[in-house]
Amino acid sequence: MDTIDYKEIMRKNWSVNEQSMIENLEETLQVQSVSGKEEYMNSFIINEINSEYDNVTIVTEQQAGGTNIYVTKGKADIYPCVVAHTDTVHNFVPGYGVCKLGDKFYAMDSINMQQVGVGGDDKVGIWAALECIKKFDNIKAAFFHSEERGCVG
């Protein structure tokens, strides 16, 4: 099973409100997004961006049976670009929930009372991209679908 050590991630990032970043990571990890069924994650990404900014353009593109999301924030001649994928290899779990123990996040199936995959690949990438969008005035981001099925998106 995978776990996420958020303190290690924080040390590798910039100095911002650590508690806010931890809460944002936990919220992102809560969204289940198995390959081919990424609608909840797509909605989460779009809602997170729309709730924060006025100067952002979001374009969705249907491609190869799924949805890619392209984000542009600000106006510039040259943009840095961050990329993540919206699917994980873990199946949907009816009793899915994310728990934090010490400096790590775990996912649990509360119905069967067992640990399940938290989907760190690539929910952490989505979280990092969303944090970059918050931090930078001019940036682009791409969120591709179905990477776990052979980079389909």
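## Cysteines

Cys132 counts as buried because its relative accessibility is 12%, where buried means under 20% relative accessible area, exposed means over 50%, and partly exposed lies in between (1.4 Å probe, protein chains only). Cys99, by contrast, counts as partly exposed, with a relative accessibility of 35%. A search of the whole structure finds 0 disulfides, a disulfide being a pair of cysteine sulfur atoms within 2.5 Å.

This is a predicted model, in which local features need pLDDT of at least 70 and side-chain atom pairs count only at pLDDT 80 or more, while totals for chains, interfaces and linings use all residues. Residues are numbered from 1 along each chain as its sequence is written, and side-chain values use heavy atoms, with hydrogens and water left out.

## Helix 4

Cys132 is one of the buried residues of helix 4, and Trp127 and Leu130 are also among them. Helices (H or I, at least four residues) and strands (E, at least two) are DSSP runs, numbered from the N terminus. Because 12 of the 16 residues of helix 4 are buried, this helix is largely enclosed by the rest of the structure.

## Strand 3 and its partners

Strand 3, residues 66-73, is mostly covered, with 6 of its 8 residues buried. Two strands pair if DSSP finds at least two bridges between them. Strand 2 (residues 56-63) runs antiparallel to strand 3 and is joined to it by 8 bridges, and Gln63 stands opposite Gly66 in strand 3. These two strands form a hairpin with 2 residues between them, and Ala64 in the turn has a positive phi of about 50°.

Strand 3 is also joined by 5 bridges to strand 8 (residues 139-144), and these two run antiparallel; Tyr70 has Ala142 in strand 8 as its bridge partner.
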